Amino acid sequence: MATTHKTRMLIIGSGPAGLSAAIYGARAGMEPIVVQGLQPGGQLTITTDVENYPGFREVIQGPWLMQEMEAQAVHVGTRMLWDTITSVDLAGPVFKAIGDGGDVYEGDTLVIATGAQAKWLGVPGEQELSGKGVSACATCDGFFYRGKKVVVIGGGNTAVEEALYLTNHSDDVTLIHRRDSLRSEKILQDRLLANPKISVLWNKQVDQFLAGPDGALHAVALTDTETGATSEFETEGAFVAIGHAPATDLFKGKLDMDETGYLLVEPGTPKTKIPGVFAAGDVSDHVYRQAITAAGTGCMAALDAERYLAARNFPGITEPSGY
């Protein structure tokens, strides 16, 4: 039988943004509900080594970090519910979300933290070697390839930016692109082509990621898109950089988005065009896409939700102050 769950702050998504919003919301007495979705914990649950999250001198594991965030959120008063939202009603003043089992979730405020997923090539070896030489985030994982030979796959802004970033760690970076020209901005192309640490393989399509005897990435299998000739290119790290897809299908026609589907917010805030509805993390951030920035915007969303309720004189809710 379907159940209705009510809260002052409803959060859809349970990555760093959603859980940070929950921690701050719970401490403010908003008794948040987090609907966890298809991938509880977000993208960090499929990440192995994490070396750039503040507070840990040693490398930590992504799944462990998310378990700790969830435990902290529950400890301060968050309700974690397992469900997948299939539709939303943002007409207000109470915002509603419907789960795939028919349960209804009602929130006086709503934090959207559904995140974004890296686009993958979908070729053999890609998922099997994820974390073993194959990655979709140079900023996250480039540090582990210091002094190693790496490749970046793609031809847009993301790929060029990833290649340029990797030169901080490697003197041998190769960009692999299936066409004979890049789609990135001209200024980025100029920087890439002028960088002595970067070379480009034009008109090459990656068909497979190949493992070596140690089970880690050894090479990529290529096909020339003009001649059909096949070859292998040895590398110790491969970064798939063909873009990200924000999880915003639920909100089409209900909230403003950019041309690639990211939710639009008031600059410098997590506020959407609907008062009381906030977007946090990668669902509205196509620039930084880091766990720490997602957590920061989750905090901002909770503080703004608290201010929103305080302005409407909700019992027990006051303007946030301090830490």
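Predicted model: local features only at pLDDT ≥ 70, side-chain atom pairs only at ≥ 80, totals over all residues.
Helix H1, covering residues 16–27, packs against H6 at an angle of about 35 degrees, and the two axes are 7 Å apart. The crossing of H1 and H6 is right-handed. On the H1 side, the contact is made by Pro16, Ala17, Ser20, Ala21, Tyr24 and Gly25. H6 brings Ala291, Ala294, Ala295, Gly298, Cys299, Ala302 and Leu303 to the contact. Sorted by class, the residues joining H1 and H6 come out as ten nonpolar and three polar, with no charged ones.

The other pair is H4 (residues 157–166) with H5 (residues 186–194), again at an angle of about 35 degrees, and here the axes lie 10 Å apart. H4 and H5 cross in a left-handed sense. From H4, the residues in contact are Asn157, Val160, Glu161, Ala163 and Leu164, and they meet Leu188, Arg191 and Leu192 of H5. Charged residues do turn up in the contact of H4 with H5: there are two of them, alongside five nonpolar and one polar.

Next come the aromatic rings. A pair of rings is described by how far apart the centres are and by the angle of the planes. Searching the whole structure turns up three aromatic pairs. One of them joins phenylalanine 56 and tryptophan 64, whose ring centres are 5.7 Å apart; their planes stand at 85 degrees, so the pair counts as edge-to-face. Phenylalanine 56 has a relative accessible area of 30%, which makes this residue partly exposed. Tryptophan 64 is partly exposed too, at 37% relative accessibility.

Another of the pairs is made by phenylalanine 143 and phenylalanine 144. The centres of these two rings are 6.3 Å apart and the planes are at 75 degrees, so this pair is edge-to-face as well. With relative accessibility at 31%, phenylalanine 143 is partly exposed, and phenylalanine 144 is partly exposed at 26%. Phenylalanine 143 also has a charged neighbour: arginine 146 lies over the face of this ring, 3.9 Å from the ring centre.

Most peptide bonds are trans, and most residues other than glycine have a negative phi. The bond from glycine 92 to proline 93, though, is cis, with omega near 5 degrees. Proline 93 sits in the loop that runs between strand E6 (85–89) and strand E7 (95–99).

As for phi, two asparagines deserve a look. Asparagine 203 has a positive phi, near 55 degrees. This residue belongs to the loop between strand E13 (198–201) and strand E14 (204–211). Asparagine 203 has a relative accessible area of 13%, and is therefore buried, as the cut-off is under 20%. Asparagine 313 likewise shows a positive phi, near 60 degrees, and is found in the segment after helix H6 (291–311).

Note on methods:
Residues numbered from 1 in each chain as written. Heavy atoms only, no water. Axes fitted to C-alpha atoms, helices over the stretch in contact; angles between N-to-C directions. Helix = DSSP H or I, 4+ residues; strand = E, 2+ residues; numbered from the N terminus. Left-handed = near helix turned anticlockwise from the far one by under 90°. Contact = heavy atoms within 4.5 Å. Nonpolar A, V, L, I, M, F, W, Y, C, P; charged D, E, K, R; others polar. Phe/Tyr/Trp six-rings, centres within 6.5 Å; stacked < 30°, edge-to-face > 60°. Buried < 20%, exposed > 50% of the residue type's maximum accessible area, 1.4 Å probe, protein only. Lys NZ or Arg CZ within 6 Å of the ring centre and 35° of its normal.
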